Amino acid sequence: MTAESAEKLLAPVLSAFWDDPTSWTLDTYRAHEGYEGLRKALAMKPDDVIAYVKESGLRGRGGAGFPTGMKWQFIPQGDGKPHYLVVNADESEPGTCKDIPLLFANPHALIEGIVIACHAIRSNHAFIYLRGEVVPVLRRLHAAVRQAYDAGYLGKDVLGSGLDVDITVHAGAGAYICGEETALLDSLEGRRGQPRLRPPFPAVAGLYACPTVVNNVESIASVPAIMNRGKEWFRTMGSEKSPGFTLYSLSGHVASPGQYEAPLGITLRQLLEMSGGMRPGHRLKFWTPGGSSTPLLTDEHLDVPLDYEGVGAAGSMLGTKALQCFDETTCVVRAVTRWTEFYAHESCGKCTPCREGTYWLVQLMRDIEAGKAAMSDLDKIADIADNINGKAFCALGDGAASPIFSSLKYFREEYEQHVTGRGCPFDPAKSTLWADDRTAHLEVNA
Amino acid sequence: MTDVSLGMPQLPAPDYPADVRARLEADAGEIIARYPDSRSALLPMLHLVQSEEGHVTPTGLRFCAEMLDLTTAEVTAVATFYTMYRRKPSGDYQVGVCTNTLCAVMGGDAIFEALQEHLGVGNDETTEDGKVTLEHIECNAACDFAPVVMVNWEFFDNQTPESARKLVDDLRAGREVLPTRGAPLCTFKETARILAGFPDERPGAVEASGSAGEASLAGLKLAKGEKAGPKVVSPRGGGGPASAGQPVTETGEAPQPHPSSHDAPRKTAASDPDNPAGPVAKEGK
């Protein structure tokens, strides 16, 4: 593959000027048509903005893929209550690493999108719920919000439109579950982050029991470009049902891990071919299309179009487009054990299937990995996962079941090897970043 | 009746000295003013009290409760839910090694092990000089920079055991340490104040480390026609899982457990192959 095809296949929009030495500043953002989308949106009626975003086909980039415009449309109008926009910047799904670099390099795309969304849903107060563990991003968000206030994009009477918008940047305190939108709302209200029963949905009774839109960072940050360059332009990328551009995050045993912004529907094979493939001398064994909660795929699925329908048809989910690639040195049982420990640690404890199920999965997975399990334990983990999946209070439980189901589906033989061989047949030292680097080889002491 | 210690603090907790309290009340007032409902200020206020004492103390819990008109039980319930609130005195620098799957596989496990050995401390323990608290952390949204180490929640990307050992040595020796992405390190307490929503006013802090890390630019560079790295090897076939090596022991003995567990109890109920009425039986069968 040549670089020319990479030019054709990729479509940097949000990431277009991250290589500018001051990409995060207001001046740089404005030099790249920043806040032009806002001017166009403010010249439109709120309902027309909602219709425009709906017609663009933009779907949520946080994992579920719900149409953004439709979410905005659900907000009741003329109800006399305050409306709120809450941006979910609690990016914590294992493997997911798109919103954090986006906010670090280009925070104004989010702020402009927030003002447009507030205009559309008639909100005067937006919250950015940023996970706490990313202080460099928090710093830039604080600075960008201050710059936007000084320039008149926030505060009273934005650009003379009569619209008032305030943004509160809120740092979380370490809890994966707060990425679940109703748990996030409870957390933002100063409570333990536990999911709420739905209905009522946040659009009716969200933050402070008022109509609330909760959107992912990338969804909101994509809106300014749509308003500025047009829904037709947006629809020239991707497919009918999954239009537009998005950030794909390549990580793991690949030659060039990183962010690749491309039209929806690109394949992992295309991404790997243009970026140098797997690390030299190794082959792809398994990967996640969108974080650890999306069922694993294998090298059979290299040509699956990475859009909502394509990945769904392959038995997984597009999720957050977190393409974690593992090569043949990686033990799938070890990988799944570690993810399972994560879900058990992060289970909020509200519902029994998830709290108890993830606990027992960890016990069994550790035994299997250590070669102390019986063959019947493989059925047992499948059964426990089945008792969590679809039966837990929120999607965290389903996420915990996904790696178990999918790894058993594709790699049952490897599980069985752990049982019959009474141990793990893999050497973790061979999987490390420095494993193939002779000069650093002495460092391997895993 | 014998006394049973439940590990509960003596109540009521002592108050802050008057001058500290006055200063924190002013800060708390600023935080509360950001929200339509005062209770929303609780998470930032817990960061605030952590910035005062380095961890969330009974005094800090009492302060939050009084400022927000909550009970200390309500505040404690929240403080114990979130992992970023420390519940015991800890070091100036919190060194967190990502051991979630991707970083662990890429070398995070080896780094965490190397640091435990090098510092002589275990998970969530502090070196004797009070400088470094070591812990393993969950995915920190930087998988394209794996393996990742966070110090006071600034990014140290693409670490190795060697670089991590040097990092903690520098921290303990008081040498200036620069993250790959983020600002020159401040102490844990100063970091907690930024988390409470008070911007970092140090000159150059926002600009530090440039616009984006190398990995963040990988796609952009390709799109601009710059070539990918020299290592062009496409995925290729051949070789199954078995080619990765043989079982560690062939005698049928259980080997040493893999270094995978950090938190939870290890003991499990034995699987009982003679009792098929366990969860193996499907519904309706």
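This is a predicted model: local features need pLDDT of at least 70, side-chain atom pairs count only at pLDDT 80 or more; totals for chains, interfaces and linings use all residues.
Chain B contains eight helices and five strands. From the N terminus on, its elements follow the order α-α-α-α-β-α-β-β-β-β-α-α-α. The chain has 285 residues, and 44% of them are buried. Of the contacts in chain B between residues at least 6 apart in sequence, 63% link residues at least 24 apart.

The five strands of chain B build an open sheet with mixed pairing. Their order across the sheet is 2-3-1-4-5. Strand 2 (125–126) and strand 5 of chain B are the edge strands, each pairing on one side only. Strand 1 (residues 93–98) and strand 3 (residues 132–137) of chain B run parallel and share six bridges. Within strand 3 of chain B, Glu135(B) is the bridge partner of Gly96(B). Strands of a sheet pair through backbone hydrogen bonds, in either a parallel or an antiparallel sense. Helix 5 of chain B lies across strand 1, strand 3 and strand 4 (149–151) of chain B. Its direction makes an angle of about 140° with strand 1 of chain B.

Helix 3 (residues 58–68) of chain B has a set of buried residues: Gly60(B), Leu61(B), Arg62(B), Phe63(B), Cys64(B), Met67(B) and Leu68(B). These buried residues pack against helix 1 (18–32), helix 2 and helix 4 of chain B. Asp69(B) follows helix 3 of chain B and has a positive phi, near 60°.

The contact between the chains takes 125 residues from chain A and 106 residues from chain B. On the chain B side, several elements each supply at least two residues, among them helix 2 (42–53), helix 4 (72–79), helix 6 (161–173) and strand 5 (154–156). Helix 7 (188–195) and helix 8 (218–223) of chain B also each supply at least two. Helix 5 of chain B gives the most to this side, with ten residues. By residue class, the side of chain B that touches chain A divides into 57 nonpolar, 32 polar and 17 charged residues.

The largest nonpolar core has 220 residues. Val86(A), Val87(A), Ile114(A) and Ala117(A) have the most contacts inside this core. Helix 5 of chain B provides the largest share of the core, eleven residues. Leaving aside residues up to four places away in sequence, Ala117(A) touches Trp72(A), Leu85(A), Val213(A), Asn215(A), Ile220(A) and Val223(A).

In chain A, strand 2 (residues 125–130) and strand 3 (residues 166–171) pair in the parallel sense over six bridges. Leu130(A) stands opposite Ala171(A), a residue of strand 3 of chain A.

Asp27(A) belongs to helix 2 (residues 26–31) of chain A. Asp27(A) counts as exposed because 12 other C-beta atoms lie within 10 Å, and the cut-off for exposed is 12 or fewer. Asp27(A) and Gln147(A) are 120 residues apart along the chain, yet their C-alpha atoms are separated by 9.7 Å.

Most residues other than glycine have a negative phi, and most peptide bonds are trans. Glu33(A) is not a glycine, yet its phi is positive, about 65°. Glu33(A) sits in the loop between helix 2 and helix 3 (36–42) of chain A. Glu33(A) is partly exposed, because 13 other C-beta atoms lie within 10 Å. Asp157(A), also a residue other than glycine, has a positive phi near 55°. Asp157(A) is placed in the loop between helix 8 and strand 3 of chain A. Asp157(A) has 11 C-beta neighbours inside 10 Å and therefore counts as exposed.

Two cis peptide bonds involve Pro199(A). One joins Arg198(A) and Pro199(A), with omega about -5°. The other runs from Pro199(A) to Pro200(A), with omega near 5°. Pro199(A) lies in the loop between helix 9 (181–188) and helix 10 (202–205) of chain A. Pro200(A) is likewise found in the loop between helix 9 and helix 10 of chain A.

How values were computed:
Residues are numbered from 1 along each chain as its sequence is written. Chains are lettered from A and ligands numbered from 1 in the order in which they are written. Helices (H or I, at least four residues) and strands (E, at least two) are DSSP runs, numbered from the N terminus. A residue is buried if 20 or more other C-beta atoms lie within 10 Å of its own, exposed if 12 or fewer, and partly exposed in between; C-beta atoms are placed from the backbone. Two residues are in contact if their C-beta atoms, placed from the backbone, lie within 7 Å. Ala, Val, Leu, Ile, Met, Phe, Trp, Tyr, Cys and Pro count as nonpolar, Asp, Glu, Lys and Arg as charged, and the others, Gly among them, as polar. Two strands pair if DSSP finds at least two bridges between them. Axes are lines fitted to C-alpha atoms, for helices over the stretch in contact, and angles run from 0 to 180 degrees between N-to-C directions. A nonpolar core is a set of buried Ala, Val, Leu, Ile, Met, Phe, Trp, Tyr and Cys residues joined through C-beta atoms within 7 Å.
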